[in-house]
Amino acid sequence: MAAVNCHFFKLSQHLKPSRPSFSCSASQPSQNNIKVIINGAAKEIGRAAVVAVTKARGMELAGAVDNHFLGEDIGLLCDMEEPLEIPVVSDLTMVLGSISQGKEIGVVIDFTDPSTVYENVKQATAFGMKSVVYVPRIKPETVSALSALCDKATMGCLVAPTLSIGSILLQQAAIMASFHYNNVEIVESRPNAADFPSPEATQIANNISNLGQIYNREDISTDVQARGQVIGEDGVRVHSMVLPGLPSSTQVYFSSPGEVYTVKHDIIDVRSLMPGLLLGIRKVVRLKNLVYGLEKFL
């Protein structure tokens with residue numbers, strides 16, 4: 001968007017009329033686009049990120065890294081109308097080197113896996129680039145190691161357990177409700193079998209634990225498997241279901257005598273994660289250390 005610069009001035013007293021006047025001129029913003037490299041670009045979420053970054057104001061796709069579909073144009077791979085003339089490559093270091101030579105602001109998006117994420121962020125940091133990490137099942141010790149790395153290098157990194165803004169809002173609502181109800185059950189469904197409970201359900205259970213509240217006192221010690229898995233020491237129970245054909249869903253039920261309060265969030269399409277991703281990209285460029293959780297910016 002063009003910026004408008006206005007200059008106020010007053011005509012000479014020898015000229016009539018002597019009323020004040022001003023002039024305006026349009027100019028283009030001088031801020032450079034953020035150069036974005038997507039590592040894991042051929043995955044479903046990576047392809048969605050390619051489209052989102054390409055359309056976002058102030059961002060420019062600078063590289064697509066993956067071990068699949070090597071050499072293919074990432075734009076065509078994402079079913080975009082025009083090719084982006086950016087081939088899929090497997091060498092992250094090569095892409096980082098090409099961007100760092102221009103001394104431009106760069107961000108690496110990491111959609112890879114827990115076993116490689118540390119080395120990926122280490123490489124990005126060595127080239128002076130920030131990272132946004134969305135890697136489910138990342139281990140706490142890996143996060144700690146990344147935090148130490150970023151502190152030493154004074155380099156920003158965002159590790160996001162979820163990119164869904166709706167999921168974060170659900171977690172915040174659950175924390176508020178936990179102070180007012182003595183019974184809580186988390187019910188989640190996923191279209192495909194995976195490790196359960198999910199990171200989202202686990203995080204909700206952890207968030208509402210250790211708040212001085214003991215939940216479900218009536219059967220807190222039961223070992224009936226149908227009652228779900230207890231997460232933490234405060235009696236929060238999680239029930240996980242695999243239901244192909246339905247969206248990924250998380251529901252938190254709170255109750256007290258005569259009342260039930262339910263918070264629900266569904267993810268129907270991976271595109272729902274893109275607003276959170278773009279927010280993370282814009283925020284990480286100003287960071288000088290590691291931040292865990294996108295909710296810090298909401």
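The model is predicted, so to speak of local features a pLDDT of at least 70 is required, side-chain atom pairs count only at pLDDT 80 or more, and totals for chains, interfaces and linings use all residues. Residues are numbered from 1 along each chain as its sequence is written, and side-chain values rest on heavy atoms, with hydrogens and water left out.

Strands pair here if DSSP finds at least two bridges between them; helices (H or I, at least four residues) and strands (E, at least two) are DSSP runs numbered from the N terminus. The protein has eight helices and 14 strands.

Together with three further strands, β9 and β12 build an open, mixed sheet of five strands in the order β10-β11-β9-β12-β13. Strands β10 (229–231) and β13 (259–267) are at the edges with a single partner strand each, so one side of each has no neighbour in the sheet. On average, neighbouring strands are turned by 25° against each other, direction ignored. Axes are lines fitted to C-alpha atoms, for helices over the stretch in contact, and angles between N-to-C directions run from 0 to 180 degrees.

On the other flank of β9, six bridges join this strand to β11 in the parallel sense, and glutamate 185 faces arginine 237 of β11. Strands β10 and β11 are antiparallel and joined by three bridges, with glutamine 229 partnered by valine 238 of β11. Four residues lie between the strands of this hairpin, where glycine 232 adopts a positive phi near 80°.

Histidine 239 is also found in β11. Neighbours within four places in sequence aside, His239 is in contact (heavy atoms within 4.5 Å) with Glu185, Ile186, Val187, Glu188, Ala226, Arg227 and Gly228. Its C-alpha atom is separated by 9.0 Å from that of phenylalanine 196, 43 residues apart along the chain.

Helix α7 (residues 199–207) lies across β9, β10, β11 (236–242) and β12, at about 165° to β9. Glu200, Ala201, Gln203, Ile204 and Ala205 are the buried residues of α7, and their cover includes α6, β9, β10, β11 and β12.

The largest pocket has a volume of about 1,000 Å³. Its lining comprises 36 residues, with Tyr134, Pro136, Arg190, Glu200 and Ser248 nearest the centre. By class, 19 are nonpolar, ten polar and seven charged. At least two lining residues come from each of α1 (44–55), α6, α7, β12 and β13.

Across the protein, 42% of the 298 residues count as buried. Among contacts between residues at least 6 apart in sequence, 66% join residues at least 24 apart.For the pocket terms, a 1 Å grid over the protein atoms alone is used: a pocket is an open set of points where a 1.4 Å probe fits, with protein on both sides within 12 Å along at least five of seven lines, and lining residues have an atom within 4 Å of a point. Points join across faces, edges and corners, and volume is the space filled by probe spheres set on them. Ala, Val, Leu, Ile, Met, Phe, Trp, Tyr, Cys and Pro count as nonpolar, Asp, Glu, Lys and Arg as charged, and the others as polar.

Conventions: Buried means under 20% relative accessible area, exposed over 50%, partly exposed in between (1.4 Å probe, protein chains only).
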